[in-house]
Amino acid sequence: MVKAEEQLAPRSLGTLYGVGVGPGDPELITLKACRLLRECPVVAYPATKKGGKSYAHEIIELHVNPEETVMLGLVFPMTKDPELLASGWNRTVELCWAELRQGRDVAFVTEGDPNLYSTFIHLARLMQELHPGVPVVSVPGISSVLGAAAALEQPLADGDQRVGIIPATADREALKEALLHHETVVFLKVAKVLDLLLDVLDELGLSGKASVVTKVTSPHETVWRDARDLRGKELEYLSLMVVSK
């Protein structure tokens, strides 16, 4: 059942854009993303509870004039409690809806691409569920996976080679399966399971085939061409590993 306030003419509602802003370098933003950041009256971004900027916000600072744009910081719930999770997400959606219902377009910025392990995926899905009249559009961005290939000067795949893009978890067997069935594997967000991954690589005889990149293409980028140098060390959250056989 469509809510009464959404029985407005479709054109009277703003559009929710998921804008991929790339892996870190502000110059790796598409022309379309730049245009939308200039034209949308509202730019939404992930924020901390204390009002801090997100990584995506840092990327777009060169492209947005905060004096002419409403900067809408959205705090996403970081909990496994289902009730708190649902309440937090609903509150986030309603903050965007408050702008969209007044006909203002909202550009939600996300590092990388909005359709690859992005917060925007759930935001868009919930918006369409709660306010089905809102147009939702995603704008592709350059993934950190591609940024890492450039930083390492290492092709991800050629010919019939297979590439796996895998969230790094503590599931040892899942890590092994990914490595056994792909010529190249990119493990995302490896910080919490780095030593486990190194153990699996040792077990498979691949320990010299892995590199790690943190905050790729950004001014804070760090590259370790031999991941074995990182055993026992702490990494930034935005770190990935490339294993190429």
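This is a predicted model: local features need pLDDT of at least 70, side-chain atom pairs count only at pLDDT 80 or more; totals for chains, interfaces and linings use all residues.
**Exercise 1. Find out how many aromatic pairs the whole structure has, and describe the one between phenylalanine 76 and tryptophan 89.**

Solution. 
- Step 1: Searching the whole structure turns up three aromatic pairs.
- Step 2: For phenylalanine 76 and tryptophan 89, the ring centres are 5.0 Å apart and the planes make an angle of 55°. Planes count as edge-to-face over 60 degrees and as stacked under 30 degrees, with the rest called tilted, and this pair is tilted.
- Step 3: Now place the two residues. Phenylalanine 76 sits in the loop between β3 (70–74) and α3 (82–100), while tryptophan 89 belongs to helix α3, so their pair ties together parts 13 residues apart in sequence.

**Exercise 2. Work out how the rings of phenylalanine 76 and phenylalanine 108 are arranged, and what their pair ties together.**

Solution. 
- Step 1: Centre to centre, the two rings are 5.8 Å apart, and their planes are at 75°. That makes the pair edge-to-face.
- Step 2: Phenylalanine 108 is in strand β4 (residues 106–110) and phenylalanine 76 in the loop between β3 and α3, so parts 32 residues apart in sequence are tied together by this pair.
- Step 3: Ring pairs join Phe76, Trp89, Phe108 and Phe120 in a cluster.

**Exercise 3. Decide whether leucine 126 is buried or exposed, and list its contacts beyond four places in sequence.**

Solution. 
- Step 1: Locate the residue: leucine 126 is part of helix α4 (residues 119–130).
- Step 2: Its relative accessible area is 9%. Buried means under 20%, so leucine 126 is buried.
- Step 3: If you skip the neighbours within four places in sequence, leucine 126 is in contact with Trp89, Asn90 and Val93.
- Step 4: Take tryptophan 89 from that list. Leucine 126 and tryptophan 89 are 37 residues apart in sequence, yet 8.1 Å apart in space from C-alpha to C-alpha.

For another pair of positions, look at valine 75, in the loop between β3 and α3. Valine 75 and glycine 133 are 58 residues apart in sequence and 24 Å apart in space, C-alpha to C-alpha. With a relative accessible area of 35%, valine 75 is partly exposed.

**Exercise 4. Trace the order of the five-strand sheet and say which helices lie across β7 and β10.**

Solution. 
- Step 1: The sheet is open, its pairing is mixed, and its order is β6-β7-β10-β8-β9.
- Step 2: β6 (163–167) and β9 (222–224) are the edge strands, each pairing on one side only.
- Step 3: From one strand to the next, the twist averages 15°.
- Step 4: Zoom in on one pairing. Five bridges join β8 (residues 210–214) to β10 (residues 239–244) in the antiparallel sense. Valine 213 has leucine 240, in β10, as its bridge partner.
- Step 5: Helix α6 (residues 172–180) lies across β6, β7 (184–188) and β10, at about 145° to β7. Helix α7 (residues 194–203) lies across β7, β8 and β10, at about 5° to β10.

**Exercise 5. Say what the salt bridge between arginine 172 and glutamate 203 ties together.**

Solution. 
- Step 1: There are eight salt bridges in the structure.
- Step 2: In the one between arginine 172 and glutamate 203, the closest N and O atoms are 3.0 Å apart.
- Step 3: Arginine 172 is in helix α6 and glutamate 203 in helix α7, so parts 31 residues apart in sequence are tied together.
- Step 4: Widen the view: a network of salt bridges links Arg172, Lys176 and Glu203.

Terms used
Residues are numbered from 1 along each chain as its sequence is written. Side-chain values use heavy atoms; hydrogens and water are left out. Rings of Phe, Tyr and Trp (its six-membered ring) pair if their centres lie within 6.5 Å; planes under 30 degrees apart count as stacked, over 60 as edge-to-face and the rest as tilted. Helices (H or I, at least four residues) and strands (E, at least two) are DSSP runs, numbered from the N terminus. Buried means under 20% relative accessible area, exposed over 50%, partly exposed in between (1.4 Å probe, protein chains only). Contact means heavy atoms within 4.5 Å. Two strands pair if DSSP finds at least two bridges between them. Axes are lines fitted to C-alpha atoms, for helices over the stretch in contact, and angles run from 0 to 180 degrees between N-to-C directions. A salt bridge is a side-chain nitrogen of Lys or Arg within 4 Å of a carboxyl oxygen of Asp or Glu.
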